[in-house]
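I opened my notebook to record what I looked up.

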Protein chains: 2
Amino acid sequence: MRASLLAVALVAGLAATLHPGNVGAAPRETRIPDAAIAQATQLRETALASDLGYRITQSLTTEVGPRMAGSEGDARAVAWAQAKFRELGFDKVWTQPVTFPKWLRRSESASVLGANAQPLTLTALGGSPGGTVEGEVVRFADLAALEAAAPSSLAGKIAYIDYTMQRAADGSGYGPGSRVRSRGPSAAIRAGAAAYLMRSAGTDSHRNPHTGITRFDDGLTPIPSAALSVPDAQQLTRLLAIGPQRVRVALDAGWDGTATSYNVIGEITGSGAGNRKQDVVLIGGHLDSWDLGTGAVDDGAGVGITMAAAALIGQMKKAPARTIRVVAFANEEQGLYGGKAYALKYAGDIRRHQIAAESDFGAGRVLSYASSAPAHALAADLQIAQALAPLGITHTPGKGGPGPDIGPSAEQGVAWAALRQDGTDYFDLHHTPDDTFDKIDPQALAQNVAAYAVFAYLAASAEGDFGSAAKPVTPPRE
Amino acid sequence: MRASLLAVALVAGLAATLHPGNVGAAPRETRIPDAAIAQATQLRETALASDLGYRITQSLTTEVGPRMAGSEGDARAVAWAQAKFRELGFDKVWTQPVTFPKWLRRSESASVLGANAQPLTLTALGGSPGGTVEGEVVRFADLAALEAAAPSSLAGKIAYIDYTMQRAADGSGYGPGSRVRSRGPSAAIRAGAAAYLMRSAGTDSHRNPHTGITRFDDGLTPIPSAALSVPDAQQLTRLLAIGPQRVRVALDAGWDGTATSYNVIGEITGSGAGNRKQDVVLIGGHLDSWDLGTGAVDDGAGVGITMAAAALIGQMKKAPARTIRVVAFANEEQGLYGGKAYALKYAGDIRRHQIAAESDFGAGRVLSYASSAPAHALAADLQIAQALAPLGITHTPGKGGPGPDIGPSAEQGVAWAALRQDGTDYFDLHHTPDDTFDKIDPQALAQNVAAYAVFAYLAASAEGDFGSAAKPVTPPRE
């Protein structure tokens, strides 16, 4: 912990020292012209009154439905996104191929055996192999308890982590919750377990288990790994309080070669002279979803919000100086493949990215705004925050970070903004069959569209930059 | 409508005329002794502080789990109920065999075909045959619209009723909602449809479809019939708004001979002299559940509430004059088989049934009390209502009716009481995978136990009857 804190401090110091604007002279202060602020006020009201984001989200989740990376639905989503960008009047639309391992879920079931025989509802974790295992269940209260289990102590048994993820508006419960998913299977293998079960990383109480990607540490032989719905986990825990329980887990799932999908990119061309229109403000969401639901809050909403925000900017009499680029990223769910591919392709264009923001935390109202703006852009950052304030958005400098698909670009030096949503209910739905369009509140979605439209328009209209600059390669630690 | 109102008036008139107490002289007024009222006050507080009902419900739903009539779980539930009655100190425990047709659900799936291909979550209606049907979906807004469809107009197609059941504390939305389930399939067959789909008769918004028994009118050839979850119905309706949709429905389900289960009956013997202890106050719930959930609110709670209420009476220093009989009815869900078998067996003992009440509307708090008490028992009825009032229970004379399994006995003349619960959320869970123990609030359950204990104790202590008397056979109408 101390080591990593030190690393952060060093990087911050480096950034301050090495920022190009700091070489030789103080950087010019970034400001947003008053005329642009006035336009943004109008845009905000237009967006609040528009149902465009809601209709785009409805279109994707209804016409395409589930679109797990590499699936037939994913391919239809790519075609949908290109057609939708064109229908919405984007000036330029293109795709960027993204290749990744393809994972398939064919069937899954489980049941308690013996005197209390009954079915259990679960779902395979993404990346799990198939297999049928019958064994006694050994319960652990949390990840640390399983990680402390002695090697071979679970031979032939099923490891089960019964950790309850906590509800929080900022989603802070998901860190520990998702670690149970990402690290639990490897810990189970080290203890010799034949299969791995966990209470879903979710905050609901419905028979809808939460999937999500897991991984197996190098050198370990993967075992069938699945998440029980929260009520089923509670049931299993009650049964274990009565006595030992044998469970049968049958998963038919696994990796199957590679697949190619696409980042789908649309632009509203800027109106600025010379190089300014070649600069982009990047907003977006991810196009893929898990297979269980129709990917409404994760992340149809993010696609709908950002497509609509840019489209509404495109409908203005005059575009802002810089170009608005919307990216519908490929395969976020299984490892940020689209975000990484984007960062790799545009690694030489860091400074052409004015700033980037992703919407990938559901469809709740935006509660706060923050960005990575350095000192010379803090005045402009404050101007954006002031324009967002009438939407009920608080300025929280220093909080938040780039969205997942922006992360790889931000690591390379792209400036980022965070429009942080109310995620109180997000993990009721996230990665479950229940992630469907009916869960989206149209007013909250319109507020999101207004927030992204205002942010993107103002950032694209600023005179000066938000600090994007290629970062020096971090030297390997000794 | 007029004819049936007239029939009700005639029956009421007959009852007033023919009640044995009315023959010759005015009936003696039924009263509850002050000492019994004092005992009931104590019992009420004891019950409110007890978690016995909650623990019984937990035991049934956890140890047995799903227990669809005729299933292995149902057989375990019968054994569980006998053992639980004995463990709770009931004086007499026995079973009554109940035979019925056995229905099986093996698998079920559906998907939209074509350009918007995607899976749909549904569940077969109880009684549906199996079969795989592919066809164009024709939507109807409600049952009347389908019933108005011309014969053969749906040949080769799938009829779909998209009726939205309304939420109400008294469950009044379930009448029209469940008629879509019970009468929709026959209407679909008459219009020539190859399969039948409906929006679930439920008030939730989760991917958990609501099953429930349906029936096919005589002379019709049954077709595969299923309920979509509410979000899936909304999705299908949105898809139909885009254009025609072909859907594949595959059900593996159907009738498979007969099965025998059991009404399980336990008694706390009364302390009254002579015939009084042979009289019974009957309370109960039904032991079977649907297969999708663990039958917590339907009707594990009813079994737990009434078993606990009687057990707490059994723990008093002195039992009330009459016997408390608890019946865990067999196979309510598929046609009130247990309730009908009970009424048939005890048809000669109508007057020995002081009064009967069933808990089968979930685990919400009891909001109101009413009974079928005739004029000479209204004072005692009021005494019971007054003893219930501190539990937040309103006296609503003339409202409500007997619970489903009491119905056949009430038709024969057994007096009934209704302790009507808050059913606001009941149809979020009813007949779905989500009907699990975690949904039960222990405080609300304790309030129910207190209400049933007070009611049963006072009715068993009354001097005089509540009007049970064999009804004359209704003459066939001309």
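My entries on this predicted model follow.

**Entry 1: the interface.** I began with contacts. I found 32 residues of chain A in contact with 32 residues of chain B. Together the two chains bury about 2,300 Å². Carbon and sulfur atoms hold 47% of that area.

**Entry 2: pairs across the interface.** I looked for salt bridges between chain A and chain B, and the rule finds zero. Polar contacts came next: the rule finds 21 residue pairs.

I also listed the elements that give two or more residues to chain A's side. They are helix H3 (52-64), strand E2 (118-120) and helix H7 (230-242) of chain A. H7(A) gives the most, with six residues. By class, this side has eleven nonpolar, 14 polar and seven charged residues.

**Entry 3: cis peptide bonds.** I checked omega. The bond from A:Asp298 to A:Asp299 is cis, with omega near 5°. A:Asp299 is in helix H8 (residues 296-314) of chain A. In chain B, the bond from B:Asp298 to B:Asp299 is cis too, with omega near 10°. B:Asp299 is in helix H8 of chain B.

**Entry 4: positive phi.** I noted A:Leu336, a residue other than glycine with phi near 55°. A:Leu336 sits in the loop between strand E10 and helix H9 of chain A. Next was B:His431, with phi near 70°. Its loop runs between helix H12 and helix H13 of chain B. Is B:His431 buried or exposed? B:His431 counts as buried because its relative accessibility is 6%, and the cut-off for buried is under 20%. A:Leu336, at 24%, counts as partly exposed.

Key: Residues are numbered from 1 along each chain as its sequence is written. Chains are lettered from A and ligands numbered from 1 in the order in which they are written. This is a predicted model: local features need pLDDT of at least 70, side-chain atom pairs count only at pLDDT 80 or more; totals for chains, interfaces and linings use all residues. Side-chain values use heavy atoms; hydrogens and water are left out. Contact means heavy atoms within 4.5 Å. Buried area is the accessible area (1.4 Å probe) that two parts lose on being put together, summed over both. A salt bridge is a side-chain nitrogen of Lys or Arg within 4 Å of a carboxyl oxygen of Asp or Glu. A polar contact is a pair of N or O atoms within 3.5 Å; within protein, one must be able to donate a hydrogen and the other to accept it, and residues adjacent in sequence count only if both atoms are side-chain atoms. Helices (H or I, at least four residues) and strands (E, at least two) are DSSP runs, numbered from the N terminus. Ala, Val, Leu, Ile, Met, Phe, Trp, Tyr, Cys and Pro count as nonpolar, Asp, Glu, Lys and Arg as charged, and the others, Gly among them, as polar. Buried means under 20% relative accessible area, exposed over 50%, partly exposed in between (1.4 Å probe, protein chains only).
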